[in-house]
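Biologist: I would like to learn how to read this model. Please take me through it feature by feature.

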Amino acid sequence: MYSGECSKLKGSTGELFQPDLSKDSISLFMGDMCRTIPYDFEKEVEVHGITGFRYSAGERAVDNGTKYPENLCYSVGNKDHFPSGVM
């Protein structure tokens, strides 16, 4: 449906991740949205004595390509682009 990097299937569906994952960011493929959503590392957290990483989907996840050019290829057929945050 998309072109360039946006046409590549990247990320996980969230159940499993590869070993030795970098904590800088992760990507989740959202089937309902037909795209990969990046999540950025926020901080380390501890829950019941287990240390984990907290990630959040910031403005990079819903940008229309104006701030993050890598998202421009998701604007198929819309030369004026939707505002950032609208999908």
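Modeller: From the N terminus on, the chain runs β-β-β-α. That comes to 1 helix and 3 strands. Helices (H or I, at least four residues) and strands (E, at least two) are DSSP runs, numbered from the N terminus. This is a predicted model, where local features need pLDDT of at least 70, side-chain atom pairs count only at pLDDT 80 or more, and totals for chains, interfaces and linings use all residues. Residues are numbered from 1 along each chain as its sequence is written, and side-chain values use heavy atoms, with hydrogens and water left out.

Biologist: What box do the C-alpha atoms fill?

Modeller: Roughly 50 × 20 × 20 Å, taken along the principal axes. Buried residues make up 24% of the 87 residues. Buried means under 20% relative accessible area, exposed over 50%, partly exposed in between (1.4 Å probe, protein chains only).

Biologist: How do I read the sheet? What is the strand order?

Modeller: Start with pairing: two strands pair if DSSP finds at least two bridges between them. Here the order is E1-E2-E3, in an open sheet with antiparallel pairing. Strand E1 (25–30) and strand E3 (50–56) each have a single partner strand, so one side of each is left without a neighbour in the sheet. The twist averages 45° from one strand to the next. For that angle, axes are lines fitted to C-alpha atoms, for helices over the stretch in contact, and angles run from 0 to 180 degrees between N-to-C directions.

Biologist: How many bridges join E2 and E3?

Modeller: Strand E2 (residues 35–47) pairs with E3 over 7 bridges. Val-47 has Ile-50 as its bridge partner in E3. Glu-46 stands opposite Thr-51. The hairpin has 2 residues between the strands, and His-48 takes a positive phi near 50° there.

Biologist: Now the aromatic rings. What describes a pair of aromatic rings?

Modeller: The distance of the centres and the angle of the planes. Rings of Phe, Tyr and Trp (its six-membered ring) pair if their centres lie within 6.5 Å; planes under 30 degrees apart count as stacked, over 60 as edge-to-face and the rest as tilted. The structure holds 3 such pairs. Phe-41 and Phe-53 have ring centres 5.6 Å apart and planes at 85°, so this pair is edge-to-face. Phe-41 lies in E2 and Phe-53 in E3, so the pair ties together parts 12 residues apart in sequence. The rings of Phe-53 and Tyr-55 have centres 6.5 Å apart and planes at 80°, so that pair is edge-to-face. Phe-41, Phe-53 and Tyr-55 form one aromatic cluster.

Biologist: Are Phe-41 and Phe-53 buried, exposed or partly exposed?

Modeller: Phe-41 is partly exposed at 26% relative accessible area. Phe-53 is partly exposed at 40%.

Biologist: How many salt bridges are there?

Modeller: The count is 3. The rule asks for a side-chain nitrogen of Lys or Arg within 4 Å of a carboxyl oxygen of Asp or Glu. Glu-44 and Lys-23 have their closest N and O atoms 2.8 Å apart. Glu-44 lies in strand E2 and Lys-23 in the segment before E1, so the pair ties together parts 21 residues apart in sequence. Arg-60 bridges to Asp-40, with closest N and O atoms 2.4 Å apart. This pair links helix H1 (residues 59–62) to strand E2, 20 residues apart. Lys-67 and Glu-59 form a salt bridge at 3.3 Å.
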